[in-house]
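I open my notebook and list what I want to look up.

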Amino acid sequence: MILKNIRIGVLLLLLFILLATALPIVGAKLYSNFQSEESDNVTLYRHSSGETLTMSEDDYILGISLAQIDKMYSLETLKAVAVAMRSVSLYLKECCRELCHTDADYCDCENNMPFTNKEYFTELYGNDIVNAMENAIYATSGEFLQYQNSYALSLVHKSSYITTQSSFDAFGYEYPYLEAVITPEKAETSEILVIESEFIRKLSTHLKDTSSNGATASPTVKIGRSGRAETVNVFSTDIPAENFVEIFEIKSMIFDIEEILGGYLIRSYGNGHGVGMSLAGAEKMSYDGLDYRKILLYYYRGCKIVASNKKN
């Protein structure tokens with residue numbers, strides 16, 4: 001009986017040793033297989049440096065999400081950003097191969113989404129915002145916006161003035177789900193004061209003549225039907241509003257110019273291109289108790305939120 005018990009004990013000990021040795025190896029193999037199947041890498045071409053970066057899809061979504069924000073938002077707002085940017089990434093994937101003729105899934109040219117490096121963003125704004133954005137991406141894992149049978153180009157901007165802008169008014173391209181909607185935030189107003197000599201100097205390359213019979217600049221803004229500026233007339237020269245906004249670093253295409261003693265006051269309303277979801281509006285809706293799904297479906301009319309089967 002004693003001998004039998006000893007044999008059983010030895011067999012159990014050997015079995016324990018075998019399991020202790022084999023399980024970590026098997027576990028590592030299973031984890032490796034899971035990672036390779038579920039964590040697809042993507043490539044990003046940086047035009048500024050000419051380098052191509054390889055990263056996970058979630059890291060790319062994080063980079064284009066961080067490029068949209070510069071402060072802490074509520075979790076519901078950040079989750080709305082995460083879903084919107086995941087949709088954009090799916091919509092734009094591989095388009096730079098055609099637009100920029102680069103061998104990468106994405107690029108950061110003006111026709112694509114801006115991308116912010118995680119480390120660079122952390123230096124500017126701290127790690128709390130990065131962590132919150134990462135949590136929002138994880139919490140909405142696999143969710144994206146779909147319009148009919150296509151991924152939605154769900155654009156985001158900082159704030160709107162009364163309404164968002166339709167994609168047609170802003171860019172000349174019509175997307176049914178990027179129409180103007182009333183947005184609930186208090187309008188953000190920015191002011192830029194420019195002395196007359198500096199005003200003329202900055203516009204000199206766009207002006208035909210600045211010295212005709214002592215005439216003054218007398219800038220006049222031509223407003224389109226959507227409320228966006230179309231041109232600015234200075235010394236009888238029409239300057240495209242897009243150029244004017246770039247020269248003076250104006251935050252919005254909705255602006256006016258007031259002549260004051262010795263210069264001009266440029267007053268703009270809203271922040272960004274105005275198309276799609278307003279972050280300030282999403283934040284107001286979040287504080288009013290709406291979750292990210294309701295926020296998204298308010299701004300992107302006719303879309304639905306789809307959850308893919310992929311696990312991140």
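In which hand of crossing, left or right, does α10 pass α11? I looked this up in a predicted model. I find that α10 passes α11 in a right-handed crossing.

**Entry: the angle.** I noted how the two helices pack. The angle between α10 and α11 is about 135°, and their axes lie 10 Å apart. I therefore call α10 oblique to α11. The cut-off for roughly antiparallel is over 145 degrees.

**Entry: the contact.** Next I listed who meets whom. From α10 come Gly281, Ala282, Met285 and Ser286. They meet Ile295, Tyr298 and Tyr299 of α11. I sorted the residues of this contact by type. Five are nonpolar, two are polar and none is charged.

**Entry: the largest core.** Then I turned to the nonpolar cores. The largest has 51 residues. Among those with the most contacts inside it are Tyr60, Met85, Met277 and Tyr300. Ile69 and Met133 are in that group too.

**Entry: one residue up close.** I picked isoleucine 69. I left aside its neighbours within four places in sequence. Isoleucine 69 is then in contact with Leu78, Phe121, Ile129, Met133 and Leu279.

**Entry: a second core.** I also found a second, separate core of 21 residues. Ala229, Val234, Phe235 and Phe248 are among its members.

Key. Residues are numbered from 1 along each chain as its sequence is written. This is a predicted model: local features need pLDDT of at least 70, side-chain atom pairs count only at pLDDT 80 or more; totals for chains, interfaces and linings use all residues. Side-chain values use heavy atoms; hydrogens and water are left out. A nonpolar core is a set of buried Ala, Val, Leu, Ile, Met, Phe, Trp, Tyr and Cys residues joined through side-chain atoms within 4.5 Å. Buried means under 20% relative accessible area, exposed over 50%, partly exposed in between (1.4 Å probe, protein chains only). Contact means heavy atoms within 4.5 Å. Axes are lines fitted to C-alpha atoms, for helices over the stretch in contact, and angles run from 0 to 180 degrees between N-to-C directions. Helices (H or I, at least four residues) and strands (E, at least two) are DSSP runs, numbered from the N terminus. Angles under 35 degrees count as roughly parallel, over 145 as roughly antiparallel, 65 to 115 as roughly perpendicular and the rest as oblique. A crossing is left-handed if the near helix is turned anticlockwise from the far one by less than a right angle, and right-handed if clockwise. Ala, Val, Leu, Ile, Met, Phe, Trp, Tyr, Cys and Pro count as nonpolar, Asp, Glu, Lys and Arg as charged, and the others, Gly among them, as polar.
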